[in-house]
Amino acid sequence: MSLGLIADADLVARCRAGDQQAWAELVKRFSRYVYAITSRVYRLSSHDAEDVFQDVFARTFEHLDELRDDASVRPWIATLTRRLCVDKLRSGGREQLVEEPLDGVGTDDALGELDEAMAIHDAMRTLPEHCAEILDRFFTRDESYKTIGEALDLPPGTIASRISRCLSKLRKQLEGRKPRFQPSIDQ
Amino acid sequence: MTMMNPYDEERLARLLRTLPPAPEAWVAAAQELPRARREIDEIAARADADHEFRAAVTADLEAALAAAGYEVDPSLLPALRARLESV
């Protein structure tokens with residue numbers, strides 16, 4: 001099984017055993033999450049966000065042995081990232097911002113939404129070839145049909161229908177899962 | 001907070017957009033962490049055991065590393081300096 005498909009707990013176990021490729025996958029798997037917490041939730045400057053980002057993974061690497069439940073690595077990383085973001089804000093005299101709503105969404109709700117987004121990314125890993133990449137390129141990288149077509153060697157005219165099909169497949173993957181967070185309509 | 005069903009296209013698209021990729025250089029640096037730590041450990045251990053090498057890295061770290069055949073990523077030098085100070 002590809003490292004991209006193995007469960008978080010198995011990935012952590014491999015990292016603890018010194019598997020360099022597993023570590024690279026762990027960083028890849030949680031990099032967006034950590035980045036979003038630093039930049040989107042706590043709105044750190046790029047420089048501060050990079051400091052926190054590297055510190056999170058350095059501490060994760062150092063303290064992986066202390067994780068009580070390998071399957072809980074994501075909330076563990078989330079807690080660590082929040083703490084380091086608060087420390088960074090505090091050191092810059094911006095502590096009070098942490099308690100302020102961001103774009104009308106409180107910090108806890110924003111983090112809940114990121115968890116929901118991570119669950120969607122997890123589901124994307126199980127989609128057929130190209131689906132995850134097409135959806136990622138279109139929605140998170142804002143790439144055009146032409147760019148996606150060129151990158152994946154697919155006719156640009158087929159990208160829109162592929163996006164639609166991939167979204168349907170993703171919805172099927174997610175059916176039966178309970179969303180943990182649903183924003184109110186006034187957000 | 002309202003519970004409803006959930007994964008219509010608009011909502012999926014919005015959630016996907018909440019997790020843009022981190023800058024590639026940040027990810028690459030974090031992925032290199034174990035190798036970097038090993039390299040720093042190795043150099044620190046040598047500095048601890050070899051007084052001549054230790055004097056050389058204290059005098060001019062980059063030149064001493066190059067002379068000893070180490071190709072250390074410049075981004076690791078601050079961490080290496082801090083580590084060597086504690087040796």
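Reader: How confident is the prediction for chain A on average?
Author: This is a predicted model. The mean pLDDT of chain A is 86, and 86% of the residues reach at least 70.

Reader: And which helices of chain A have the lowest and highest confidence?
Author: The lowest confidence is in α5(A), with a mean of 89, and the highest is in α2(A), at 96.

Reader: Let us turn to the fold. How many helices and strands are there in chain A?
Author: Chain A has 8 helices and 0 strands.

Reader: What share of chain A is buried?
Author: Of the 187 residues in chain A, 31% are buried. As for contacts with a separation of 6 or more, 63% are between residues 24 or more positions apart.

Reader: What about chain B: how many helices and strands?
Author: Chain B contains 6 helices and 0 strands, in the order α-α-α-α-α-α along the sequence. Its radius of gyration is 22 Å, well over the 12 Å given by the globule rule for 87 residues, so chain B is more spread out than a compact globule.

Reader: What does the C-alpha trace of chain B span along its principal axes?
Author: The span is about 70 × 20 × 15 Å.

Reader: And what percentage of chain B counts as buried?
Author: For chain B the figure is 18% of its 87 residues. Among its contacts between residues at least 6 apart in sequence, 58% join residues at least 24 apart.

Reader: How many residues are in the largest nonpolar core?
Author: The largest nonpolar core holds 53 residues. Y33(A), I37(A), F53(A), L114(A) and L135(A) have the most contacts inside it. The largest share of this core, 11 residues, is supplied by α2(A). In soluble globular proteins, nonpolar side chains tend to be buried together.

Reader: What does L114(A) touch?
Author: Leaving aside residues up to four places away in sequence, L114(A) touches Y33(A), A36(A) and I37(A), as well as T18(B) and L19(B) from chain B.

Reader: A last topic, backbone angles. What is the phi of R43(A)?
Author: R43(A) has a positive phi of about 50°, although it is not a glycine. R43(A) sits in the loop between α2 and α3 of chain A.

Reader: Why does R43(A) count as partly exposed?
Author: R43(A) counts as partly exposed because it has 17 C-beta neighbours inside 10 Å.

Reader: And D153(A): buried or exposed?
Author: D153(A) is exposed, with 7 other C-beta atoms within 10 Å. D153(A) lies in the loop between α7 (145-152) and α8 of chain A. Its phi is also positive, near 55°, and D153(A) is a residue other than glycine.

Note on methods:
Residues are numbered from 1 along each chain as its sequence is written. Chains are lettered from A and ligands numbered from 1 in the order in which they are written. This is a predicted model: local features need pLDDT of at least 70, side-chain atom pairs count only at pLDDT 80 or more; totals for chains, interfaces and linings use all residues. A nonpolar core is a set of buried Ala, Val, Leu, Ile, Met, Phe, Trp, Tyr and Cys residues joined through C-beta atoms within 7 Å. A residue is buried if 20 or more other C-beta atoms lie within 10 Å of its own, exposed if 12 or fewer, and partly exposed in between; C-beta atoms are placed from the backbone. Helices (H or I, at least four residues) and strands (E, at least two) are DSSP runs, numbered from the N terminus. Two residues are in contact if their C-beta atoms, placed from the backbone, lie within 7 Å. The radius of gyration is taken over C-alpha atoms; the globule rule is 2.2 Å times the number of residues to the power 0.38. pLDDT is the predictor's confidence in each residue, from 0 to 100.
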